[in-house]
Amino acid sequence: MTEKPIDEQYCFGCTCCGDCCSGDMEIHINLYDLYKMALRSGYSSTGELFSKKLIRLEQGQNGAWIPVINFKTKPFSFCPWLINDLGDDGVLRGFCSLHPYDKPLVCKMAPVGRIADLEAGREIFVLTPPTEHCPGMKVCEENRLSELKKELQPELDFELRFFAILEKMSGMPKEVYEELYRLDCTETFESLLKALENKYEAG
């Protein structure tokens, strides 16, 4: 799959095929994703997402441990928040039970991806098909990058701040990351994020 830089307009229309929510997909999520997903699930702590095996940690770029949605394996591999529904036309469609507000940022943005360079203070938005044969890429529905960014700006900012924390944590053991991802959902996310920024700035 190729990535193409987006200036403003791009064509895409989700067909709810569910392909990007199943199979061997790996959906990496950020701190705010964890927080809102835990709240939506009625949990008082993001730690419950891990204890219930909905989320796992995987080691990624620069050795950082990143939360990943733990797909169910039976009767096939699929996201635990995916709802499959057979329409009147006999076509199986996939719907996200976290839609529209609490789904991960990467899912909200698809097929738009973001490449952030914290050191240079710049970012590039690219068109990247969610799956190799995504039918939505053939739908000529006009979208505007500026509108997407405006809608998601708070979450985009949260994610950049999360990335900055990860940079400061470089080289730390997995146990430290496990602590990072345990958030008390009775507090506001902004207060939790500021506390983490202060902690790792000082550290």
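## A leucine and its neighbours

Which residues does Leu180 touch, not counting residues up to four places away in sequence? In this predicted model, Leu180 touches Leu31, Phe162, Ile165, Leu166, Met169, Leu196 and Tyr200.

Leu180 belongs to the largest nonpolar core, which has 38 residues. Leu31, Leu49, Ile55, Ile69, Trp81, Leu180 and Tyr181 are the members that touch the most other members. Several elements give two or more residues to this core: helices H1, H4 (145–168), H5 (174–180) and H6 (189–202), together with strands S3 (55–59) and S4 (65–69). Another core, of 13 residues, lies apart from it, and includes Ile6, Leu145, Leu148 and Leu156.

## Tyr32 on helix H1

Let's move to helix H1, which spans residues 31–40 and holds Tyr32. Is Tyr32 buried, exposed or partly exposed? With a relative accessibility of 22%, Tyr32 counts as partly exposed.

Leaving aside residues up to four places away in sequence, Tyr32 touches Glu155, Phe158 and Phe189. The chain also brings Tyr32 and Leu156 to a C-alpha to C-alpha distance of 9.9 Å, although 124 residues separate them in sequence.

## Strands side by side

Now for some strands. Strand S8 (residues 122–127) pairs with strand S1 (residues 4–5) in the antiparallel sense, over 2 bridges. Strand S7 (residues 112–117) also runs antiparallel to S8, and 6 bridges join these two.

Leu127 in S8 is a handy landmark: Lys4 stands opposite Leu127, and Val112 stands opposite Leu127 as well. S7 and S8 form a hairpin with 4 residues between them. In the turn of this hairpin, Gly121 has a positive phi of about 70°.

How many disulfides does a search of the whole structure find? The search finds 0. Cys79, for example, is in no disulfide, and the nearest cysteine sulfur, that of Cys21, is 6.1 Å away. Cys79 itself is buried, with a relative accessible area of 8%.

Cys140 counts as exposed, at 73% relative accessibility, whereas Cys79 is buried.

Terms used. Residues numbered from 1 in each chain as written. Predicted model: local features only at pLDDT ≥ 70, side-chain atom pairs only at ≥ 80, totals over all residues. Heavy atoms only, no water. Disulfide = S-S within 2.5 Å. Buried < 20%, exposed > 50% of the residue type's maximum accessible area, 1.4 Å probe, protein only. Contact = heavy atoms within 4.5 Å. Pairing = 2+ DSSP bridges. Core = buried A, V, L, I, M, F, W, Y, C linked by side-chain atoms within 4.5 Å.
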